[in-house]
Amino acid sequence: MKFPVKVLLFMCFLSLSLWSSSKTDEKITLAIDGMSVNELIKLVATTTKKNIFIGEEIPGKVSYVGNKAISKKDLYTLLQTTLETKGYTLIDTGSGFLNVVRLANVTHMNLPLMQKSDIPQMKSHIFSFRFGSAENMGVKIKHFMSKNGKITFTKDSNSVIVTDFPETIATIEKAIKILDVKDEATSNTTHVILLKNADAKSLVTTLNTIIGKMTLSPGQQAPSITSDDTTNSLIVIANDESFRSLEETIRSLDHVRQQVYVKAKIIEISENRAKEIGIKYGFSGGKIGSTGLYTFNTALGDGSVSAIALDSTLAAKVSLPTLASGIALGANISLLNSNGAANVLSEPSILCIDNQESSIYVGKTESISSGVTQGVGTGITQNYTRQDIGLTLKIKPRLSNDDKVLLSVNAKLEDIEAGSVPDRPSTTKREVITSAIVNNGESVIVGGLIREKNDQVNSKVPLLGDIPVIGNLFKNKDENVDRVNLVIVLTPYIIEKSGDLSTLRQQLSELDAIEQRYVDAITKKLQDKEKRP
C-alpha cells in the first residue's frame, strides 16, 4: 500500500515528535497540509488514546502551520475549532467515547452542568445576579456568546442559563463581575412636583394605580407618591428611571382643563294658566316627554329673529340657529311670566370643570319634629331634626371634540306636603336623572317635577251674601286643582380659557337685552292682533 508523500512526511515527523515529547513534557509539534477532517479526527483519537465516534462523513480539508509545540489537550481545541467551521462539534457522551454531532442539535443534548470536562466541549452554566435583573443582564452578556450558544431567562430566581463553550463561559463570568454591581441610579430619591392645573389628591389615586402595574427589578423598591394639599404638590420617592417615567405621565395629566359655564333658570309653570294663554295667543306652554325633558313651542309670531343684530363675537362661537332658538325660548318664558302662568324662582349660574360634577342648592332648612323623649324627672322633651327643603341640582358636563356638551343632570326637589300638621309635616321628594347632548350655547329643559295645587275661591253677591242663612244662596265656592311644573332650563357655554368668562358674561347680558326687545316686539304684535275686530 502506497501513501502520498505529504502524508508520509507528516507521519514520520509526527512519530519523531511523539518519541521526543514522551521523554519530556508531552508536547507535540504539528504541520498539516491538506489533511481531511476525518483523518484529523483519527489523528486526535490515536494521539490522545480516546474513542471518537463519527456518525457521518464530514467533508472538507484542513491545514495547520505549527511553529511551536502544543499539548495533547490543545489537540481537542484544534479539533473543536476545525469541526465548528464545518458545523459540527465534539461532546463527551460519558459512555467511554466522544461523539461528533451537529452544532444545531447540541443544545438539546444532555450537556455537563457547571462542571469541568476533559475536553473543551459545550456545557451549561447558571449565572445568578445580585443587583441587575435577569432580562437586563441577559441582554448585556449575550454580546459575548458564540453564534451557536443559547441563553434562557428565569425571572423567579433572577438568573440565566447559558449553554456555550468553556472559553465563552469564562469570558461571561469575568464580564458579570464587572457589570453586576449596584447602580446608584436605582436608589430612591425624593422629588417634589408642583401641579399647575390638576388636583394633587385626585392625581395620587391615578398614579398609585399605575405604580401597582409596574414591573420592578428584584430588590427594587416600588415608587411612593403622596400629596401635599396645601401647596397642591406631589411628593414622589423613586429611583431616577422610575421618576422619569412618572414625571412624563404627571406632566401629561397636569394639563389645563376646559370649563363650562352653565346658565340655569328655575321656573314654576301652571298648566291651567299656560293653557289659557295658549288658547289666547295661539301657542303651547310645553309638554313633558318620557325622558323628563320639557319642550316649548318657540314659534311665536313669525318666529323670525334674523333682523335682530346679534353679537358678532358670540355668534362666532355659538351658531345662529342656536342663538335664535334661545332668544325665542326666553321670549316664550317671559310671555308666560308676564301673564302669570310662569314664575321664575331663580336664575343661578355655575362654572363647571370638564367631566367634574358641580351642584346648586336653592331652598331652606326646616325644623321637623322627630318625636318626643320622656326623661326621668325632666318631663317630656320635643325632638327636632333639621331637613333641607328645596331644589338640589347636580350637573356634570363632558366636552367632545365638535363643540358639543354631554350634560348629566340630577334634579331633586324636596318639599313640605300641603295640609301637613305644622310641627309634624310630611315631606315629598321628586327626582329626575337624565342626560342630553347639546351644542355649545344650546338649551336643554328638564321637567317632570310636578306638584298638585288646590285653590279655593269664594265669591258672593254684595250685601245679599252677608244675610245669615239665606245669604248662602248668594254665595259660590269654586275649587281649582292645578298642576305646577318645576322646569329647569340649562344652557352650557364652553370656556376655552379663564379670560373668556368675563367676555362671555358681557355678551350674555347683551343677549338678554336683545331677548327683551324681541319679547316687546312680539307682545306688541300679539296685542295688536287681539285688538283687531
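Is phenylalanine 53 buried, partly exposed or exposed? Phenylalanine 53 is partly exposed, with a relative accessible area of 46% (buried means under 20%, exposed over 50% and partly exposed in between, using a 1.4 Å probe and protein chains only). Welcome to a predicted model, in which local features need pLDDT of at least 70, side-chain atom pairs count only at pLDDT 80 or more, and totals for chains, interfaces and linings use all residues. Residues are numbered from 1 along each chain as its sequence is written, and side-chain values use heavy atoms, with hydrogens and water left out.

**Confidence**
- The chain has an average pLDDT of 75, and 72% of the residues score at least 70 (pLDDT is the predictor's confidence in each residue, from 0 to 100).
- Residues 1-24 have a pLDDT below 50, and this stretch makes 17 contacts in the model beyond near neighbours in sequence (contact means heavy atoms within 4.5 Å).
- Residues 297-310 also have a pLDDT below 50, with 26 contacts beyond near neighbours in sequence.
- Where pLDDT is low, the predicted coordinates should not be read in detail.

**The aromatic pair**
- There is one aromatic pair in the structure (ring centres of Phe, Tyr or Trp, the last by its six-membered ring, lie within 6.5 Å; planes under 30 degrees apart count as stacked, over 60 as edge-to-face and the rest as tilted).
- The ring centres of phenylalanine 53 and phenylalanine 97 are 6.5 Å apart and their planes stand at 70 degrees, so this pair is edge-to-face.
- Phenylalanine 53 sits in strand β3 (residues 52-54) and phenylalanine 97 in the loop between β6 (88-92) and β7 (98-102), so the pair ties together parts 44 residues apart in sequence (strands are DSSP runs of E, at least two residues, numbered from the N terminus).
- Phenylalanine 97 is partly exposed too, at a relative accessible area of 31%.

**The β6-β7 hairpin**
- β6 and β7 pair in the antiparallel sense over five bridges (pairing needs at least two DSSP bridges between two strands).
- Five residues lie between the two strands of this hairpin, and glycine 94 in the turn has a positive phi of about 75 degrees.
- Isoleucine 91 has asparagine 99 in β7 as its bridge partner.
- Four of the five residues of β6 are buried, so β6 is largely enclosed by the rest of the structure.

**Nonpolar cores**
- The largest nonpolar core has 26 residues, and Leu393, Leu407, Leu449, Ile488 and Leu490 touch the most other members (a core is a set of buried Ala, Val, Leu, Ile, Met, Phe, Trp, Tyr and Cys residues joined through side-chain atoms within 4.5 Å).
- β21 gives this core its largest share, five residues.
- A second, separate core of 24 residues includes Leu78, Leu79, Leu83 and Ile119.
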